[in-house]
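Me: Hi! Could you walk me through a structure I've just opened? I'd like to chat about the surface and the charged pairs.

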Amino acid sequence: MGLPLVLFLPLVLLAGSGVLFIYRQVSGLWARSAVQNRVVVITDATSGLGKECSRLFHAGGARLVLCGRDWEKLEELCEALRGVADPSKTFPPRLVFLDLSDINCVQDVAKEVSDCYGCVDVLVNNASVKLKGPVQSLSLELDKEIMEANYFGPITLTKALLPGMLSRRTGQIVLVNTVQGRVGLPFRTAYAASKHAVLGFFDCLRAEVEEFDVAVSTVSPAFVRPAGPRPGTRDGPVRKLFFRKPAYGSHPADVAEEVMRVVRGKRPEVLLLDPLPRVALYVRTLLPDLFFAVTGRGVEDRPSAPRDG
């Protein structure tokens, strides 16, 4: 009886991994078909995640409006997208220069974005500025800069494009946030505060615009790794299941695929968390005293305050 059981378990795992692989492939194809001919605006399109989102939505036949602060990189991205997609099934991306930290220009840029195709179906708020350092070394001006880029920038663009969605009674706004919008960590005071603030805004907005059939979704990974090859991309699903090395954070391509699925299903919230961040979130909610004690004891080294664009 022992030998059949030993043989049966690997077969079950093999079948399960195969079904999971097929489901993900079919789900991805279904999601891409859902954005065909829709006008999709992506901010910070030249970042690792922005590029992956642009690639997926472009391949799905979306009418892309790509926004970013580096015009040269935007043009390079546009040429790369044109080179890998079938021009008979895709639309040439439109490019718009946008610096969300410059609030005074966002209103004018929003009009330029709307004029590209006359409307916006999906807005993907992807732009973000990171900051790490002990609170006593960060000036109030730096705190304000982070709030301008991570909070006021996205909500200003959203408010500028929202009336068109409300009048058409259709549309979707996606916020790519972070788990630090729910869990504050040491040395990230300004960054975590901006992420808490923007998450609160979009949670409230979701309830307000539901009656107009406008969806608001948030996608919150713990950490997005720099762009690069996915671990085990050359391996089959079974090999990846048993032998891939664990990697901290989410690959940009995985987050982009989740954004695509969120747009298809209009899910209100998705958390892309590894086991440790997920446990931390539960402990913060259910056992806050324990969470504060653990994070307090973990503060040993005092890092400097580098700014990460």
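Reply: Happy to. Keep in mind that this is a predicted model.

Me: Good to know. How many salt bridges are found in the whole structure?
Reply: A search of the whole structure gives nine salt bridges.

Me: Let's take a few. What does Arg-168 pair with?
Reply: Its side chain meets that of Asp-121 in a salt bridge, with 2.9 Å from N to O.

Me: Is Asp-121 buried or exposed?
Reply: Asp-121 is buried, at a relative accessible area of 10%. Arg-168 is partly exposed, at 35%.

Me: Which residue does Lys-144 meet in a salt bridge?
Reply: That would be Glu-141, at 3.9 Å from N to O. Lys-144 and Glu-141 are three residues apart in helix H5, so about one helical turn separates them. Glu-141 is exposed, with a relative accessible area of 51%, while Lys-144 is partly exposed at 44%.

Me: What about Glu-79 in helix H3?
Reply: Glu-79 forms a salt bridge with Arg-82, at 3.9 Å from N to O. Both residues lie in helix H3, three residues apart, about one turn of the helix. Glu-79 counts as exposed because its relative accessible area is 51%, and the cut-off for exposed is over 50%. Arg-82 is partly exposed at 44%.

Me: Switching to patches. Which residues gather in the patch of negative charge on the surface?
Reply: Asp-70, Glu-72, Glu-75 and Glu-76. Asp-70 is in the loop between strand S2 (63-68) and helix H3 (71-84), and it is partly exposed, with a relative accessible area of 31%.

Me: And which residues make the nonpolar surface patch?
Reply: Tyr-282, Leu-286, Leu-287, Leu-290 and Val-294 make that patch, which covers about 540 Å². Helix H9 (275-286) and helix H10 (288-297) are the elements that give two or more residues to the nonpolar patch. Leu-290 lies in helix H10 and is partly exposed, at 44% relative accessible area.

Me: What does the side chain of Ser-167 reach?
Reply: It reaches the backbone oxygen of Gly-164, at 2.9 Å. Ser-167 is in helix H5 (residues 140-168) and is exposed, at 60% relative accessibility. Its C-alpha is 8.3 Å from that of Phe-212, which is 45 residues apart along the chain.

Me: Last one: is Ser-250 buried or exposed?
Reply: Ser-250 is buried, with a relative accessible area of 13%. You'll find it in the loop between helix H7 (237-243) and helix H8 (252-265).

Notes:
Residues numbered from 1 in each chain as written. Predicted model: local features only at pLDDT ≥ 70, side-chain atom pairs only at ≥ 80, totals over all residues. Heavy atoms only, no water. Patch = residues over 30% accessible without salt bridge, like charges linked within 9 Å, V, L, I, M, F, W, Y side chains within 5 Å. Areas by Shrake-Rupley, 256 points an atom, 1.4 Å probe, with all protein chains shown as cover. Salt bridge = Lys/Arg side-chain N within 4 Å of Asp/Glu carboxyl O. Lys, Arg positive; Asp, Glu negative; His and termini not counted. Charge placed at Lys NZ, Arg CZ, Asp CG, Glu CD. Helix = DSSP H or I, 4+ residues; strand = E, 2+ residues; numbered from the N terminus. Buried < 20%, exposed > 50% of the residue type's maximum accessible area, 1.4 Å probe, protein only. Polar contact = N/O pair within 3.5 Å; in protein donor to acceptor, adjacent residues only side chain to side chain.
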